[in-house]
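Please keep the sequence and the structure at hand while reading.

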Amino acid sequence: MEPSPLSRSSFLRRIGMLGAGAVFSPGFSRGGTYRAEKRVRVAVIGCGSVSNMYLPHLSRSPYVELVSVCDIRPERAAAQAAKFRVPNQYPHIDQLLSGAPFDLLVNLTNMQEHGRLNRLALKAGRHVWSEKPMANTYAEGKDLLDLAEKSGLRIWGAPAVVNSPQFAFMARAIQQGKLGRVSAAHAHYGHTGPGWSAFFYEKGGGSLPDLGVYNLATLSGLLGPVKSVMAMTSIITPERKVDDKGLIRVEAEDNAMVLMDHGNGVLSHVQCGFNYFDPYGHEGKGQDRPTISLWGTEGNMALIGYDWAPLSVELARSWTEPPARFATETEGYVWEQGASVVAECLATGKEPLITARHALHVLEIIEAARASQESGRRIRLQSDFAWPLVRG
Ligand SMILES: NC(=O)c1ccc[n+]([C@@H]2O[C@H](COP(=O)([O-])OP(=O)(O)OC[C@H]3O[C@@H](n4cnc5c(N)ncnc54)[C@H](O)[C@@H]3O)[C@@H](O)[C@H]2O)c1
């Protein structure tokens with residue numbers, strides 16, 4: 001039986017966008033009255049589902065001036081321009097790039113379009129924040145980073161999971177040796193799959209770059225760059241009905257199991273899929289179970305909720321006392337903050353925790369997982385990133 005897909009409206013309601021207040025980052029003004037001295041001019045390309053999360057956050061950042069929106073479905077750009085009072089709207093990237101001047105492109109288009117559009121933006125002298133993946137292959141992503149570095153520009157890719165206080169708590173606990181010698185970890189994330197757009201299931205889409213990407217960023221962020229990968233992937237639901245194209249054939253994996261070797265004997269595992277029944281929904285409200293677990297010789301640790309919207313961390317270090325919960329506040333972290341955070345960094349000269357090299361490493365893990373499925377072999381990785389991200 002085909003899993004019941006999520007509709008755009010039910011998804012937005014679950015994650016709190018419809019009929020609920022938006023969440024603010026520290027330093028961001030609720031009334032929108034404070035404006036930083038230097039503001040970054042931002043253009044958003046792709047005015048679909050996720051733009052409903054990004055645009056409110058961007059429009060409240062004191063470091064952002066929203067200049068333009070763009071979508072090949074012009075009615076979507078028009079609607080978001082009206083709703084968020086953005087002065088310019090365009091139906092094509094060429095018009096966007098030659099139109100009103102801006103500094104940072106926020107790319108929220110179909111996954112398959114990211115590499116091409118990000119390159120055009122860099123070539124036109126714009127910084128880039130890209131939804132995941134930042135390119136369609138590791139080689140393409142590496143080229144983009146080289147191009148950015150040669151041009152004195154910056155590029156970053158989602159997700160923003162390393163910004164959460166729960167990630168910081170876990171990273172510090174590991175660095176401080178609270179778990180003893182850490183050797184193993186597991187993470188999972190899945191739901192029944194988006195019902196609005198075909199690209200999630202077409203070549204270049206898949207549950208790994210859409211869902212597994214969060215867990216892969218979290219576990220590599222906590223345990224360090226991955227040296228090699230073995231994986232199995234499959235397609236469980238070969239046909240789906242989606243809003244934009246009707247009945248389609250599913251081409252990209254909708255079920256994945258990825259084993260990672262972080263070196264020094266440390267092993268971890270991520271599973272993700274578009275066929276997971278989840279009574280807690282996307283927002284994980286009421287979720288009291290871990291989605292990430294790490295084990296050491298002197299303790300174990302579990303992330304309660306999802307890594308993109310974590311609720312707390314449970315730490316067990318005693319034979320006699322029950323496990324205790326820590327990091328129970330969001331401290332302003334929300335998963336859609338990435339573009340606002342990098343805009344603030346461009347305006348102030350601060351360095352974000354999120355790096356292009358980490359996003360590229362995660363992209364290489366995804367590619368290696370697919371190559372492992374194809375060949376039945378263990379695949380070695382070339383890339384790494386500066387680690388640890390958070391010191392004890
Ligand atoms: N929907 C979510 O909640 C969510 C959450 C996190 C991340 N993401 C990521 O955000 C990206 C977009 O997802 P979505 O759910 O918003 O998809 P969507 O289909 O709702 O929106 C994508 C939009 O991009 C536009 N577009 C496509 N190609 C374009 C081009 N060349 N130029 C201009 N516009 C173009 C489409 O017309 C569409 O309006 C994906 O990478 C997805 O993985 C989505």
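What share of the contacts in the chain with a separation of 6 or more comes from residues 24 or more positions apart? In this predicted model, such residues account for 70% of those contacts. The chain is built with 10 helices and 17 strands, and buried residues make up 47% of its 392 residues.

**The ligand shell**

The ligand is surrounded by 23 residues, the closest of which are Gly46, Gly48, Ser49, Val50 and Ser197. Sorted by class, this shell holds 10 nonpolar, 6 polar and 7 charged residues. Because domain 1 (8-157) and domain 2 (161-380) both contribute residues to the shell, the ligand lies between the two domains.

**The nonpolar cores**

The largest nonpolar core contains 104 residues, and within it Val42, Val44 and Met170 touch the most other members. At least three residues of this core come from each of domain 1 (8-157) and domain 2 (161-380). Apart from it there is another core, made of 7 residues, including Met111, Ala198, Phe199 and Ala252.

**Contacts of two residues**

The table sets out the contacts of Val44, a member of the largest core, and of Trp295, leaving out in both cases residues up to four places away in sequence.

| Residue | Residues touched |
|---|---|
| Val44 | Ser51, Tyr54, Leu55, Val69, Val106, Leu108 |
| Trp295 | Val182, Ser183, Ala184, Asn300 |

Trp295 sits in strand β13 (residues 290-296). Is Trp295 buried or partly exposed? A residue needs 20 or more other C-beta atoms within 10 Å of its own to be buried, and Trp295, with 17 C-beta neighbours inside 10 Å, therefore counts as partly exposed.

**Helix α10**

Just after α10, Gly376 adopts a positive phi of about 75°.

Note on methods. Residues numbered from 1 in each chain as written. Predicted model: local features only at pLDDT ≥ 70, side-chain atom pairs only at ≥ 80, totals over all residues. Near = placed C-beta within 6 Å. Nonpolar A, V, L, I, M, F, W, Y, C, P; charged D, E, K, R; others polar. Domains from an automatic or database assignment. Core = buried A, V, L, I, M, F, W, Y, C linked by C-beta atoms within 7 Å. Buried ≥ 20, exposed ≤ 12 C-beta atoms within 10 Å, placed from the backbone. Contact = placed C-beta atoms within 7 Å. Helix = DSSP H or I, 4+ residues; strand = E, 2+ residues; numbered from the N terminus.
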